[in-house]
Amino acid sequence: MESLVSETRTPIRIGDRSTSDVVVRIRTQDGRDDWFYCHSQVLIEKSKYFADRLSENWPTCQILDSRNCVEVYCQESEFDHHVSVLRLLYNVIDGFVDDMWHGVKNALGILQVAVNLGCPQIITACVDYLEAVPWEESEEEEILKIIPRLGTQVEPILARLLPVKQSAIMGIFFSTIRFATSSPPPIMNDLKSSAQEQLEYMLTEDDDAPLLAADDEIKSEVKDCVKRLFERFNNLLEALLCEMELFSDGGKMHSFQSLLSDLSWACQILCKLEIMRELVCNWTDASDKIVKVVKEASPTAELIETKLRVIEVAAKILEAIGYGTVILPMAKRLHMVKVWLPFVRVAKPLIDSVTTARDDAPTVKMDSELWQSLESTFVSVILALPSAEQAEILTEWLGNEHIQYPDLTEAFEKPGEKGG
């Protein structure tokens, strides 16, 4: 059969009775019955269903003007999609399809009809559209219900939902942890915070398994990254101890605070992976230097925020010690109490005195739960000390002007009967 397009030199269009040689009759069980004047050339070329029914092996009935009639039965909810497919059989010829999908839900309906009617060009165009556009959650649920039933030709739609290979996830994790523990320019701080949040998500267990299994390779990489982070922190400490006047410089203060924030975040990751020991030991060894730097720094509003960040990290380190997550010798545990107990009880009234109404107030506030948790941690650490050391701490506490916080009453309810 020669092309009608060649004969008329004009595009053939659905509904053109003057060139139509077949009627497609779309019918529903509800009595809807619409006729569409079509062209056998288009239908046979673009649809296996119509090619079969217009072949010599399939009986057809003649209607007006000797036109063949092909009936298509469908549900009422599918009627418009069948009409769309008929129109697309013509539009795909001219390539004008991008503006005819009218959203994911409509495209899904068209795709199901195209598969049923065997329309490969429409299927390809529909798959390309659905594979490229964003989906709402409800649309994704519908896609997961429908697409698996339609065969391999539509599988590209599901590519974004396929599980990622573990090796690829590990590669993402390694790149992200290195960036999250680095010290990029301040302009990249928001991106760094997003990276840290993503890492927490990857390691978090909820109703589903975490994205990443924390094996030895993962733990080793995290430990190495945190080790390098602490080395930068310790190098800054050393520099500040040598030239304390530099600490009044805003850049040095910001760097110190930024590293403290990163260490506080790192504690959460290390705790999830149960690899806190190295950071706890390093912080314990550096505690004297940390306290000295903060005590000797110039008193500014930024110093309050620095003390807050120092206490946040110290609280997490002390918690790991106090509750047996990391086992340290008695001498080191006693040292941590003697260093951080005086620092915290002097810092708390100063921090509490700063109100958010002040223009120079710190941007970070320590919540009451953290103060309570830190108080309980001190009690736990003290209770694990020998009785003589407990008595020494009790004597010093009772004679101190800052007796209100932390309240160590619980640790000394029965002096001499606790500890060991």
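Which residue just after helix 5 takes a positive phi? It is Gly-118, with a phi of about 65°.

1. A word on the basis. This is a predicted model, in which local features need pLDDT of at least 70 and side-chain atom pairs count only at pLDDT 80 or more, while totals for chains, interfaces and linings use all residues. Residues are numbered from 1 along each chain as its sequence is written, and side-chain values use heavy atoms, with hydrogens and water left out.

2. Helix 5 covers residues 104–117; helices here are DSSP runs of H or I with at least four residues, strands are E runs of at least two, and both are numbered from the N terminus. Its 14 residues reach 20 Å from first C-alpha to last, close to the 20 Å expected (1.5 Å times one less than the number of residues).

3. Helix 5 is also mostly covered, with 11 of its 14 residues buried (under 20% relative accessible area, 1.4 Å probe, protein chains only). Among them are Val-104, Asn-106, Gly-109 and Leu-117.

4. Helix 5 matters again for the second largest pocket, as it gives the largest share of that lining, five residues. A pocket is an open set of points on a 1 Å grid over the protein atoms alone, with protein on both sides within 12 Å along at least five of seven lines; lining residues have an atom within 4 Å of a point. This pocket holds about 210 Å³ of space, and of its 14 lining residues, Glu-78, His-82, Gln-112, Val-113 and Asn-116 lie nearest its centre. Strand 4 (68–74) and helix 4 (79–94) are also among the elements giving two or more residues.

5. The largest pocket has a volume of about 320 Å³. Its lining has 16 residues, with Ser-193, Ser-258, Ser-261, Asp-262 and Arg-309 nearest the centre. Helix 11 supplies the largest share, eight residues. By class, the lining has one nonpolar, nine polar and six charged residues (Asp, Glu, Lys and Arg count as charged; Ala, Val, Leu, Ile, Met, Phe, Trp, Tyr, Cys and Pro as nonpolar; the others, Gly among them, as polar).

6. Finally, there is one cavity of 30 Å³ or more, where a cavity is a set of grid points at which a 1.4 Å probe fits but cannot get out. The largest cavity has a volume of about 60 Å³, and helix 10 (216–242) and helix 12 (277–296) each supply at least two of its lining residues. Lys-223, Phe-230 and Glu-278 are included in that lining, which divides into five nonpolar, one polar and three charged residues.

Terms used:
Buried means under 20% relative accessible area, exposed over 50%, partly exposed in between (1.4 Å probe, protein chains only). Grid points are joined across faces, edges and corners, and a volume is the space filled by probe spheres set on the points.
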